[in-house]
Amino acid sequence: MAKLASNLLRDESGATAIEYALIATGISIVIVAAVTGIGSSVNGRFVAVGDAFK
């Protein structure tokens, strides 16, 4: 039982998976923020073009 506990404490594969998950989360937040900003800009341009045609 002590050897099993020792092996679990030395195993770092779970830590690596958590690190990758945190990196992916950070990248996702940046992408969402960028798309939101670009979406607002594009929407404003479409409204301006639509108003120009009226």
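These notebook entries record what I looked up in a predicted model of a protein.

I noted that local features need pLDDT of at least 70 and side-chain atom pairs pLDDT 80 or more, while totals for chains, interfaces and linings use all residues. Residues are numbered from 1 along each chain as its sequence is written, and side-chain values use heavy atoms, without hydrogens and water.

I looked up the secondary structure and found two helices and zero strands (DSSP runs, H or I of at least four residues for helices, E of at least two for strands).

I then checked the overall form. The radius of gyration, taken over C-alpha atoms, is 24 Å, well over the 10 Å of the globule rule for 54 residues, so the protein is more spread out than a compact globule. That rule is 2.2 Å times the number of residues to the power 0.38. The C-alpha trace spans about 80 × 10 × 10 Å along its principal axes.

I looked for burial next: 0% of the 54 residues count as buried (under 20% relative accessible area, 1.4 Å probe, protein chains only).

Finally, I examined Val35, which lies in helix α2 (residues 13-53). Val35 counts as exposed because its relative accessibility is 54%, the cut-off being over 50%.
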